[in-house]
Amino acid sequence: MATLNETTVDMKLEVVVIPVADVDRAKKFYGSLGWRLDADFPFDNGFRVVQFTPPGSPCSVQFGTRITLAAPGFAQGLYLIVSDIEAARDKLIACGAEVSEVFHAGTPGAQFQPEGTSGRVSGPAPDRASYGSFATFSDPDGNAWLLQEVTTRLPGRVDSAVTSFGSASDLATALRRAAAAHGQHEKQLGEEDPNWFDWYAEYMVREEAGEELPQ
């Protein structure tokens, strides 16, 4: 009899469909954000599929004609995970998107409420807590995106056997956090650590996997 581990196969979420009213308008919007255009395939029967991928994302979005029965703007709370929410917000604004101020949730679930809701507290989360800072924007049809800053994953959220970074910026941010922690490590040692590169590597792998960090 096969065991569970022997029969389990990867099921990778790679595409999310969003409903739009004007395909060309949506294509122009997502292209202006600097997202990678993967496909634009029209067919004689009126079916058309357009696919974009956000920078560093393993998951793409698709929209088009005859691709969904959902009403335009129906997609809400689409997460975009970033390592530096203020830098990500500045980039989107520079690309022409209208992005809310950075906020944190004063009441549970406030990040899913409309802008101006009392549960949204202005500014990033106290102590810049991972998972706690947000910003929102929408496409021309009203499909709503939620930026969330994640700097340290909760335990079990990342395969500890695989460590990867979505972009050079994410890697640089992780290196800065490792450098700051290593500075404290050297203070405890009372001397320079000649094997700092091993310590950096161990710190970054454990942080990405949400495991206990080296001291």
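1. Gly-190, which comes just after helix α4, has a positive phi of about 80 degrees. The model is a predicted one, and the points below should be read with that in mind.

2. Helix α4 covers residues 168-189. Its 22 residues, at 1.5 Å a residue, should span 32 Å, and the end C-alpha atoms are 30 Å apart, so the two values agree. The buried residues in α4 are Thr-173, Ala-174, Ala-178, Ala-181, His-182 and His-185. An α-helix has 3.6 residues a turn, so positions three or four places apart point the same way.

3. The sheet is open and has 5 strands in the order β5-β9-β8-β6-β7, with mixed pairing. At its edges stand β5 (78-82) and β7 (120-122); each has a single partner strand, so one side of each lacks a neighbour in the sheet. From one strand to the next the twist averages 40 degrees.

4. Strands β6 (residues 103-105) and β8 (residues 133-138) run antiparallel and are joined by 2 bridges. Opposite Ser-133 in β8 stands His-104.

5. Helix α3 (residues 85-94) lies across β5, β8 and β9 (144-149). Relative to β9, helix α3 runs at about 145 degrees.

6. Where is Gln-111, and is it buried or exposed? Gln-111 sits in the loop between β6 and β7. Its relative accessible area is 13%, which is under the 20% cut-off, so Gln-111 counts as buried. Leaving aside residues up to four places away in sequence, Gln-111 touches Tyr-79, Phe-103, Ala-105, Arg-120, Phe-134, Thr-136 and Leu-146.

Methods. Residues are numbered from 1 along each chain as its sequence is written. This is a predicted model: local features need pLDDT of at least 70, side-chain atom pairs count only at pLDDT 80 or more; totals for chains, interfaces and linings use all residues. Side-chain values use heavy atoms; hydrogens and water are left out. Two strands pair if DSSP finds at least two bridges between them. Helices (H or I, at least four residues) and strands (E, at least two) are DSSP runs, numbered from the N terminus. Axes are lines fitted to C-alpha atoms, for helices over the stretch in contact, and angles run from 0 to 180 degrees between N-to-C directions. Contact means heavy atoms within 4.5 Å. The expected span of a helix is 1.5 Å times one less than its number of residues. Buried means under 20% relative accessible area, exposed over 50%, partly exposed in between (1.4 Å probe, protein chains only).
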